[in-house]
Amino acid sequence: MNLSPQTDRNDSWFVGIVAEMACMKLGSKTDAFQRRGQAWFCTTGLPSDIVVEVGEMTFHLHKFPLLSRSGIIEKLVAEASSENAEEGCLIQMPDLPGGAKTFELVAKFCYGVKLELTASNVVPLSCAANHLEMTEEYGEDNLISQTEMFLNQVVLHNWKDSLRALQTCEDVISYADDLNITKRCVESLAAKARTDPNLFGWPVEPGGPMQSPGGSVLWNGISTGARPKHSSSDWWYDDASTLSLPLFKRLISAMEARGIKQEIIAGSISYYCKRYLPGLNRRQGAVGNSSTRLAALGSVPSEDDQKLLIQDIDRLLPAQKGLVSTKFLFGLLRTAMILKADPACISSLERRIGLQLDQATLEDLLMPTFSYTMETLYDVDCVQRILDHFLAMDQAVAGGASPCSVHNGSGSLSLTPITMVAKLIDGYLAEVAPDINLKPPKFQALAAAVPEYARPLDDGLYRAIDIFLKSHAWVPESEREQLCRLMDCQKLSLEACTHAAQNERLPLRVIVQVLFFEQLQLRNSIAGCFLVSENLEGSRPLRGGGGLPASGEGGGWTTTVRENQVLKVGMDNMRMRVYELEKECSNMKQEIEKLGRMKVSSSGAWGNVPKKLGLSFKSQMCSAQEGSVSNRTSMSGKSEKTKARRGKHKKNQ
């Protein structure tokens, strides 16, 4: 055996140097093997006395070198010789691990020909050596001991070599599992994933890599000129994504057992999906152009493989909320629907999204319909199910907290998740409302699923209803009223009330309610302006009692007077608006009552109109008009008092 470098040095030196070389040289003789088509020949000058068939390849060799190293070949030769004593010895090994390529290396080892053990061939060679019983009983430093030493002392001490060895386990997985090679490679990678990768290939010191006074890395006391590198916790994502799915799952399980953080594991799973699911990269951008590289190599998984991948990834993802982005989960769900994954997988992804729906965007929710049985452009049923999952979770964790807002760390109010979801659903309703295939019951069910307390204002809901009524002009009056009952007219802003009062698509009952509540809002605004005006007048300094204002305060007093004048102009404008609304309401009530008297003999349906619309608001409108008159009287009295005060001040001057 020729091992380079020599092994008589300390273990750390051996591991560090050989790990960089990642090879071990065996044998000393020159290569005497020649290939001719599908056959190998050993050109030693002696005629071949044994033919070994491995798959479609034949090897014309000599018995003695093989029998002196392998117990299985010895048995097969004995059986072949007893059956065909006169003919040449022919043995077949169709189940040899690694196939013909590995047996070529085994044959060279038996002949003492030079060869190199590497991370790429050590696993199949080890499996083949055990299969052929190449133990120390048949020769000192036999192939089993050589491969085990190289695997344990070199390969498993280095990240890249451990990864490469694990990749080669895929071809001989049953043999590698029996020899515990797969598990050892997985455990080696899982342990190194928690370690600084800058240490791999360098001597491991108790306090980390030594540094020179200049800051460069020291190796055996010699300055290398290399600067220490700082890496993030996701440095191994790309390497792990090169593994097959079964091996990747085993690696993730080993990392979880070693206590690696769930968010790091979830990030690795997300990276793996983006590499092998091209549908995710179309919307989110490819990760390092890995999908493009795979497509160029022709290794993009088939649709069936992608479907199995999604189903396995769903079971592999940690259940904790927020470990992966909502956009990534929506991408998985969209791809699962396209590939027609199992209903259990789709339901699980919907539940995951529902737990963090407050982190979604409107673009995420706009998923097209992928089923021929659905008529709508967007999958409204899926959004309904996701919302139901969120509401169930929100009710479970809400407790006694305020339903609309909470105090954050700085003492200010911030919106709760339920309020953010309500705003998101209102925006979604506005986007899907123009779809003429969207039926009113489905629209109404999604809008009504959001609790009333989740909407501080109903402007977004009103906008969605208005778009829906505009696109669905055929909807009857009764269904229009049902849709409009979803919104609370008292929770509409002044701008929304103004728009709704002039909206011909709304039912008459809703317009009357909007006008009434708009009038109340204007009255409250006027009352607030009067309150501000009284506070300003009450805070004016009197010359007789308080003395003259200081010279530095003259400019502030002038500004206050101007602001007061601006407020009075605004109050006059609002007073005119109130008067116009009162006049409009009065005219509408008279027309309704007139229509009721004309239709009372021919139709009983109109007999209840004055009662439902006019009479129900009669007392409120009258009280509103009386309040308007009293307010105008009080305002005129206040203005006279103000003029009298100003006259006194002028006389004093």
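Tutor: Start with the nonpolar core: a set of buried Ala, Val, Leu, Ile, Met, Phe, Trp, Tyr and Cys residues joined through side-chain atoms within 4.5 Å. Keep in mind that this is a predicted model. The largest nonpolar core here has 156 residues, and L61 and F103 touch the most other members. Helix α20, residues 417-432, gives the most to this core, with 9 residues.

Student: What does F103 touch, leaving out residues up to four places away in sequence?

Tutor: F103 touches V52, V54, F59, L61, I73, M93 and L96. As a general point, nonpolar side chains in soluble globular proteins tend to be buried together.

Student: How many helices and strands does the chain have?

Tutor: There are 29 helices and 11 strands. Buried residues make up 43% of the 653 residues in the chain. Of the contacts with a separation of 6 or more, 68% are between residues 24 or more positions apart.

Student: Why is D312 called buried?

Tutor: Buried means under 20% relative accessible area. D312 has 17%, so D312 is buried. This residue lies in helix α15, residues 303-316. Leaving out residues up to four places away in sequence, D312 touches L245 and K249.

Student: Which strands form the open sheet, and what makes a strand an edge strand?

Tutor: The open sheet has 5 strands in the order β2-β3-β5-β4-β6, with mixed pairing. An edge strand pairs on one side only, and here those are β2 (33-36) and β6 (89-92). Neighbouring strands of this sheet are turned by 20 degrees against each other on average, with direction ignored.

Student: How do you know that β4 and β6 pair?

Tutor: Pairing asks for at least two bridges between two strands. Strand β4, residues 50-54, is joined to β6 by 4 bridges, so the two count as paired. They run parallel. As one example, E53 has Q92 in β6 as its bridge partner.

Student: Which helices lie across these strands?

Tutor: Helix α3, residues 71-83, lies across β4 and β6, at about 130 degrees to β6. Helix α4, residues 99-111, lies across β2, β3 (39-42), β4 and β5 (57-61), at about 10 degrees to β5.

Student: How many disulfides does a search of the whole structure find?

Tutor: The search finds 0 disulfides. For C185, the nearest cysteine sulfur is that of C169, 4.7 Å away. A disulfide needs the two sulfur atoms within 2.5 Å, so C185 is in no disulfide.

Student: Are C185 and C42 buried or exposed?

Tutor: C185 has a relative accessible area of 0%, so C185 is buried. C42, at 9%, is under the 20% limit and therefore also counts as buried.

Student: What makes E187 and R258 a salt bridge?

Tutor: The rule asks for a side-chain nitrogen of Lys or Arg within 4 Å of a carboxyl oxygen of Asp or Glu. For E187 and R258 the N to O value is 3.3 Å, so the pair qualifies. The pair links distant parts of the chain: E187 is in helix α9 (residues 181-192), R258 is in the loop between α11 (245-257) and α12 (262-276), and they are 71 residues apart. By this rule the count comes to 18 salt bridges.

Student: Are R352 and D314 buried or exposed?

Tutor: R352 is at 10%, which means it is buried. D314 is at 8%, so D314 is buried as well. R352 forms a salt bridge with D314, the closest N and O atoms being 3.3 Å apart. R352 is in helix α17 (residues 343-355) and D314 is in helix α15, 38 residues apart.

Student: How far apart are the closest N and O atoms of K442 and D381?

Tutor: They are 3.5 Å apart, within the 4 Å limit, so this is a salt bridge. K442 is in helix α21 (residues 440-449) and D381 is in helix α19 (residues 380-398), 61 residues apart. Salt bridges that share partners also join D31, E104 and K108 into one network.

Note on methods: Residues are numbered from 1 along each chain as its sequence is written. This is a predicted model: local features need pLDDT of at least 70, side-chain atom pairs count only at pLDDT 80 or more; totals for chains, interfaces and linings use all residues. Side-chain values use heavy atoms; hydrogens and water are left out. Buried means under 20% relative accessible area, exposed over 50%, partly exposed in between (1.4 Å probe, protein chains only). Contact means heavy atoms within 4.5 Å. Axes are lines fitted to C-alpha atoms, for helices over the stretch in contact, and angles run from 0 to 180 degrees between N-to-C directions.
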